[in-house]
Amino acid sequence: MSDATRPWSLRTRKAKLTVIGASALLVGGLAFTPMAFGAAAPPKFPAAEIHKPTPVPDRVILTPTTTPSSSQKVTWRAETTAEFAQAEILESPRALGEVAPAAGAVTNVKAQSSTPVNTTLGYASTYHTVEFTGLKPATRYTYRVGDGTNWTEWNDFTTAAAGFQPFSFIYYGDAQNYIDSALPRVFRQAFADRPQAKMIVNAGDLIDSANSEEQWGQWFKAGGFIDSQVNNLSITGNHEYSGTSLSSFWVPQFPYPDNGPAWTDYPSAQNIAKTAYYVDYQGVRFIGLNTNVQSIPELMTKQTAWLEGLLKDNPNKWTVVTFHHPVYSNTGTRNNPVVRAQWAPLFEKYGVDLVLQGHDHSYGRGNLKSARQSATTHNGVSYVVSVSGGKMYELNGGVNWTGNGAEVISTSENTQLYQMIDVDQDQIRFEARYANGEHHDGFVIRKNDAGERTVTELGTGNTGEQVTVDKTSVQPGEQLTATAFGYDPAEKVKVYLVRTKGTVDSRAYVGTQTADALGKLTYGFTLPADLDKDSTYRVLLESATQKITSPVITVK
């Protein structure tokens with residue numbers, strides 16, 4: 001064996017002994033660390049230094065406008081004045097750096113607002129907002145913000161399509177606690193799973209202390225570059241308020257559309273400004289509501305009237321509503337009867353598809369019990385409560401759901417989650433995953449152009465007694481109708497009549513049926529005239545995705 005292939009060559013023995021000796025010294029040195037001599041640990045780096053603004057912009061975030069196919073708002077923080085705050089934008093080029101944009105390709109836009117916020121760390125943070133207008137639909141743009149000298153890197157976003165286009169968005173429950181340690185991995189994993197997402201929905205309590213500069217800094221750091229290229233749609237939780245006062249950071253950071261309820265005549269209108277609004281985006285109406293005013297009848301009445309107007313006159317096929325305090329609470333003795341009484345009937349009446357909530361620091365997903373169609377399918381509103389941060393509450397067994405006519409289908413406690421929602425022409429796919437990327441829960445909403453809807457569990461319902469029949473006591477030669485849900489649209493299903501006892505080969509082929517656009521199958525057929533009295537049968541439906549049966553049918 002040559003030295004080149006020998007694993008322990010004599011030629012290298014001296015060098016190896018030198019390395020071994022150094023390693024021994026290193027190992028030996030571990031016994032004599034500074035802690036062994038009682039030295040103090042390194043001091044904690046002060047938050048005032050970590051989060052202090054500079055002329056270089058940070059906390060860059062996209063917020064949607066009322067015309068997302070032709071305009072875009074961008075907000076950032078920087079130590080500069082309104083005179084110099086600005087942005088540059090161009091249609092996304094193939095390259096930058098040594099490749100200069102063509103003459104006239106870059107447009108400079110001055111900031112429309114610059115708002116200083118006095119912080120808890122002894123300095124002011126100034127937020128600047130620019131609105132890009134006159135943009136082309138479904139077009140990728142590249143932009144940067146700064147003061148003309150100090151710029152961010154170039155970032156990209158894509159405008160919404162002018163009409164419907166499939167897209168994905170991400171939904172988070174409360175971040176609130178452990179924002180600097182436990183939360184970032186949730187945001188990163190969600191983006192890794194849906195890098196094409198066009199919107200991020202936050203159902204309130206982004207932070208724990210409404211006016212904490214440190215916590216807002218941690219929240220922006222957790223999102224990182226993601227916020228600079230994905231629109232953010234957030235609503236206020238109770239922790240965005242200090243007493244009855246809205247966080248001084250809210251409006252400067254989140255210049256949402258001013259198209260909410262007529263609250264301007266309220267004595268403290270500044271505490272509810274831009275906390276309820278809506279955005280129409282590629283076939284989905286997103287509605288953000290403020291549940292922090294549920295104890296103020298005047299404001300709830302105005303908000304409820306505004307909400308009904310948006311639901312009644314809605315040109316979009318899909319509707320997503322988000323707010324903080326849940327219709328049906330997961331934890332403790334929490335209860336929001338005003339929210340439930342005023343809004344839940346409207347959600348059901350006008351066919352809202354998703355209600356996305358927070359506050360309970362756990363996961364719960366369910367629907368009205370009366371909407372149940374089969375073991376795996378309902379046709380009602382899907383209510384979801386979730387949590388993304390590291391603070392957890394125990395589940396209460398679903399008593400607030402069941403006590404108010406609802407059923408809870410999926411729950412989880414002591415878990416951090418993110419939700420991915422994929423919107424298509426005729427369906428919405430919803431999946432909740434844990435912080436480590438593992439699947440927790442999911443369902444598919446299917447809706448036809450008439451507004452009829454089915455909501456079917458993901459990955460369940462493949463076997464078992466899930467076929468319904470119009471009668472379980474029959475006569476030979478009688479008509480029988482079988483119904484089932486949970487199929488893919490246009491899926492082919494074979495129908496069999498199976499005798500439950502008495503013969504070896506008891507399965508008889510009846511026919512084949514195609515599921516409709518909602519994944520529903522209905523098949524009527526005539527029973528054979530020679531069926532034995534008191535014999536028993538089941539209807540078997542067999543397809544590529546399901547093998548399910550009916551209850552026992554008895555021949556009289």
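This is a predicted model: local features need pLDDT of at least 70, side-chain atom pairs count only at pLDDT 80 or more; totals for chains, interfaces and linings use all residues.
Me: What makes helix 3 roughly parallel to helix 4?

Reply: The axes of helix 3 (residues 183-193) and helix 4 (residues 213-223) cross at roughly 30° and come within 8 Å. Angles under 35 degrees count as roughly parallel, so helix 3 is roughly parallel to helix 4. The crossing of these two helices is right-handed.

Me: Which residues make the contact between helix 3 and helix 4, and how many are nonpolar?

Reply: Helix 3 brings Leu183, Pro184 and Phe187, while helix 4 brings Trp219, Ala222 and Gly223. By class, five residues of this contact are nonpolar, one is polar and none is charged. Gly counts as polar, and Gly223 belongs to the helix 4 side of the contact.

Me: Why is glycine 389 called buried?

Reply: Buried means under 20% relative accessible area. Glycine 389 has a value of 1%, so it counts as buried. You can find glycine 389 in the loop between strand 21 (382-385) and helix 8 (399-402). Leaving aside residues up to four places away in sequence, glycine 389 touches Asp174, Ala175, Asn177, Leu183 and Gln416. Glycine 389 and aspartate 174 are 215 residues apart in sequence, but 6.0 Å apart in space, C-alpha to C-alpha.

Me: Why is tyrosine 178 called exposed?

Reply: Exposed means over 50% relative accessible area. Tyrosine 178 has 52% relative accessibility, so it counts as exposed. Tyrosine 178 sits in the loop between strand 9 and helix 3.

Me: What is phi for tyrosine 178?

Reply: Tyrosine 178 has a positive phi of about 55°, although it is not a glycine. For background, most residues other than glycine have a negative phi. Asparagine 414 also has a positive phi, near 55°. Asparagine 414 is found in the loop between strand 22 (406-412) and strand 23. With a relative accessible area of 56%, asparagine 414 is exposed.

Me: How do you know that strand 31 pairs with strand 32?

Reply: Two strands pair if there are at least two bridges between them. Seven bridges join strand 31 (residues 492-499) to strand 32 (residues 507-514), and these strands run antiparallel. Within this pairing, valine 495 stands opposite glycine 511. Strand 31 is also joined to strand 34 (residues 536-542), by six bridges and again antiparallel. There, valine 498 stands opposite arginine 538.

Me: Why is one side of strand 28 left without a neighbour in the sheet?

Reply: Three strands form an open sheet in the order 28-30-33, with antiparallel pairing. Strand 28 (468-469) and strand 33 (521-526) stand at the edges and each has a single partner strand, so one side of each has no neighbour in the sheet. Two bridges join strand 28 to strand 30 (residues 479-484). Threonine 468 stands opposite threonine 483 in strand 30.

Conventions
Residues are numbered from 1 along each chain as its sequence is written. Side-chain values use heavy atoms; hydrogens and water are left out. Helices (H or I, at least four residues) and strands (E, at least two) are DSSP runs, numbered from the N terminus. Axes are lines fitted to C-alpha atoms, for helices over the stretch in contact, and angles run from 0 to 180 degrees between N-to-C directions. Angles under 35 degrees count as roughly parallel, over 145 as roughly antiparallel, 65 to 115 as roughly perpendicular and the rest as oblique. A crossing is left-handed if the near helix is turned anticlockwise from the far one by less than a right angle, and right-handed if clockwise. Contact means heavy atoms within 4.5 Å. Buried means under 20% relative accessible area, exposed over 50%, partly exposed in between (1.4 Å probe, protein chains only).
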